[in-house]
Amino acid sequence: MAESCGSMTGRRQTRSTLLPRLLPRPVRAGVLATGALVACASLAAGCGIVPGATGGSDDDTITVMTWAPQGTKATNKPGMPAFAQAYARWINAQGGINGRRINVLTCNDNNDTVTAARCARRAVQERAVAVVGSYSQHADSFMPTLEGAGIPYIGGYGITTNEFTSPLSYPVNGGQPTLLAGLGRTLADSCGPVTLIRPDTIAGDQLPPLLDSGLKAGGHALSGDQRAAEDATSYEGQAQRALERATADPSEQGCVVPALGDRTNTFMDSFRRARADYPDVRTATVLGSVDQSTIDASGGASGPYEGSYVTGWYPAASDARWDPMKKVIKQEAFGDNRIDAADAGVQTTWIAYTVFRQVVESLGDGEVSADTVSGALDGGLKVTTGGLTPTLRWKFQDELAAVGFPRLVNANVTLQVVEDGRLVAARKGFTDVTKTLREADLA
């Protein structure tokens with residue numbers, strides 16, 4: 001279908017500057033209201049889309065949307081929309097939330113700026129009260145549309161800076177900033193030269209200073225930054241260059257850090273072949289680039305991930321705190337191989353819908369709309385997640401506002417390690433990397 005409301009093309013897009021980010025809520029409400037009117041006129045004239053403020057076709061249905069890339073050559077997260085639909089079936093079987101059924105719309109953003117924007121326009125058209133538990137690298141494309149219509153973005157994956165700056169974003173984890181900062185701090189104590197292999201994208205550009213913030217906090221030299229195509233089928237050249245740098249000092253064991261999302265395993269295939277010609281090096285990465293299924297598929301204890309450090313946002317998948325989520329999967333999605341309880345995307349979607357449920361419950365018999373949902377969150381609502389995160393509460397100006405992350409309210413990470421082919425906790429509990437991020441050079 002032809003689109004006439006935008007001309008967003010190209011992978012490396014310039015980040016947009018959004019007026020509402022720095023405004024307090026009363027002023028922002030006026031700006032958003034005006035923006036919504038302008039958006040209505042523009043969308044109605046250009047695309048035949050008329051946004052609405054209610055959450056469905058009747059008062060008993062709440063419409064939300066979950067989106068993620070599926071079937072692309074880069075990172076894919078099919079389990080997130082699949083689990084969102086399973087969650088809706090589960091909650092609706094219990095009578096909904098406060099007697100209201102949930103209608104979950106899904107959208108495939110195709111890892112593409114134009115399609116991501118189209119997903120956002122559909123959320124407006126379908127009168128979604130929130131976008132919940134989603135993944136997209138293209139916040140520059142979808143966030144302005146959500147902001148113009150006043151639709152909150154709850155529990156994004158944390159892959160873009162916009163998710164930690166927009167007043168209508170409510171992240172449940174610390175995204176890439178905390179994972180990389182936490183990993184850097186860990187590697188500072190155990191590694192010689194560190195090399196980061198990351199996507200040659202806008203989102204990838206944000207990774208080196210985050211890893212370096214943790215390395216610097218531990219008194220370590222900065223990492224070597226290697227860009228790589230996020231949809232490559234081989235990374236032989238990158239693997240050789242990473243090994244050359246990591247083994248440059250024979251007195252210290254270097255570390256190689258691939259952070260390529262779904263393509264991390266492709267890199268590790270190339271790395272396994274190349275490392276035979278070099279001294280031993282250690283590997284490390286972040287959850288989302290590797291999980292237990294990835295480790296199993298690559299050979300388990302005999303595979304390239306053995307001994308790797310992995311930082312995550314949440315407890316290990318074997319932790320009993322995930323049992324309620326696993327119960328939903330068993331009841332409503334048994335046999336759906338898109339949904340893996342160990343996948344960080346699925347876990348994030350569970351937590352995001354946990355947040356949304358508590359928001360709706362806090363509204364009682366009152367109206368459930370995009371504005372009342374964001375109003376409850378902005379009003380200081382405290383959300384608990386069964387110990388999977390600290391208690392969540394969003395305040396626009398928080399501890400990390402000074403370094404450009406005013407919406408980052410959960411800076412906790414966990415450290416795991418691959419032992420005997422299993423991803424297990426390397427350290428008990430959470431580590432708060434707020435101080436490390438606060439001192440980061442992210443200019």
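Analyst: In this predicted model, the axes of helix H12 (residues 344-362) and helix H13 (residues 370-378) come within 10 Å and cross at roughly 100 degrees, which makes H12 roughly perpendicular to H13 (65 to 115 degrees). At this crossing, Val355, Phe356, Val359 and Ser362 of H12 meet Val373, Ala376 and Leu377 of H13, where contact means heavy atoms within 4.5 Å. Sorted by class, the contact of H12 with H13 has six nonpolar residues, one polar and no charged ones.

Residues are numbered from 1 along each chain, and side-chain values use heavy atoms, without hydrogens or water. Local features need pLDDT of at least 70 and side-chain atom pairs 80 or more, whereas totals for chains, interfaces and linings use all residues.

In one, the sulfur atoms of cysteine 107 and cysteine 119 are 2.0 Å apart, and the link is left-handed, with -80 degrees about the S-S bond. Because cysteine 107 lies in strand S2 (residues 101-108) and cysteine 119 in helix H3 (residues 113-125), the pair ties together parts twelve residues apart in sequence. Cysteine 107, at 13% relative accessibility, counts as buried (under 20%), and cysteine 119 is buried at 1%.

Another disulfide joins cysteine 191 to cysteine 255, with an S to S distance of 1.8 Å; its torsion of about -75 degrees about the S-S bond makes this disulfide left-handed. This pair links distant parts of the chain, 64 residues apart, with cysteine 191 in the loop between helix H5 (175-188) and strand S6 (194-199) and cysteine 255 in strand S8 (residues 255-258). Cysteine 191 is buried at 9% relative accessible area, and cysteine 255 is buried at 0%.

Key. Axes are lines fitted to C-alpha atoms, for helices over the stretch in contact, and angles run from 0 to 180 degrees between N-to-C directions. Helices (H or I, at least four residues) and strands (E, at least two) are DSSP runs, numbered from the N terminus. Angles under 35 degrees count as roughly parallel, over 145 as roughly antiparallel, 65 to 115 as roughly perpendicular and the rest as oblique. Ala, Val, Leu, Ile, Met, Phe, Trp, Tyr, Cys and Pro count as nonpolar, Asp, Glu, Lys and Arg as charged, and the others, Gly among them, as polar. A disulfide is a pair of cysteine sulfur atoms within 2.5 Å. Buried means under 20% relative accessible area, exposed over 50%, partly exposed in between (1.4 Å probe, protein chains only).
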